[in-house]
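Hi,

Here's the structure I said I'd pass on. Have a look, and my notes follow below.

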Amino acid sequence: MEWYWLPEYAPRFVEGVWLTIQLLLLAMFFGMAIAIPVGLVQVTGPRPLAWLAKAFTTLIRGTPLLVQIWLVYYGLGSLFPSIPGIRESFLWPVLRDAFPYAVFALTLSVAGYEGEILRGAFRSVPNGELEAARAMGMSRFTILRRIWLPRALQNVFPTLTGEFILTLKATPLVSTITIYEAFGVGTIVRQETYRIYEPLLLLAAIYAFLTLILVVIFRYFENRIPKRAL
């Protein structure tokens, strides 16, 4: 084992890890923002929107994430330059960067998987609790905000934690579209130093540490959720 290269590449690993964290947090935030209505509409309707949401989750879960990333980056990304005036607009510095496409692809993935999980979670909430809330005069939005959504999240919190960990471990796929997050930096190190095992061992330690942080954070919030009395 030779680690002589580590001091030279340490700053790049720090940048790569920070990029990985940004990808994960943005995908989790925007993905959950989409997953909640995707899961809810499959339970409440209307039926055309329920079919649309079902088709979305089936498509996302039925295709490899790497294919989705490439379709978004090479497909959607290749359309923008053909739009007249787009290169001169303020959007061009963003649209020519691979990072937004990676966030978009990971967001769709999170939304597809979590949306299906939340569909089952919404159905698992006892109808009697919702009926009681309606009898108390609560509006539909208040019922969703104060009872239905919290109870649904409570039922699937460990499953959501597992899905977010899987999303973290899927972030290396974006290195294929020139985003040098932690895995991308490790690849550069292997190519420039011809060291194989040491960069991979370091990457394994980095992802294990990030996973541990995720588990601790979600376990903290899980323990703060009030448990139902038996």
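K54 counts as partly exposed because its relative accessibility is 35% (buried is under 20% relative accessible area, exposed over 50%, partly exposed in between, with a 1.4 Å probe and protein chains only). Its salt-bridge partner is E116, at 3.3 Å, N to O (a salt bridge is a side-chain nitrogen of Lys or Arg within 4 Å of a carboxyl oxygen of Asp or Glu). K54 sits in helix 2 and E116 in helix 5, so the pair ties together parts 62 residues apart in sequence (helices are DSSP runs of H or I, at least four residues, numbered from the N terminus). E116 itself counts as buried, at 11%.

Bear in mind that this is a predicted model: local features need pLDDT of at least 70 and side-chain atom pairs 80 or more, while totals for chains, interfaces and linings use all residues. Residues are numbered from 1 along each chain as its sequence is written, and side-chain values use heavy atoms, leaving out hydrogens and water.

E116 also meets R119 in a salt bridge, at 2.9 Å, N to O. Those two both lie in helix 5, 3 residues apart, or about one turn. R119 is partly exposed at 23%.

In helix 6 (residues 127-135), E131 and R134 are likewise 3 residues apart, and their side chains form a salt bridge at 3.1 Å, N to O. The whole structure has 6 salt bridges.

Back to helix 2, residues 47-62: A50, A53, T57 and I60 are its buried residues. They pack against helix 1 (6-44), helix 3 (65-79) and helix 5 (98-124) (contact means heavy atoms within 4.5 Å). On the other side, the exposed residues include W51 and L59.

Cheers

Note on methods:
Expected span 1.5 Å × (residues − 1).
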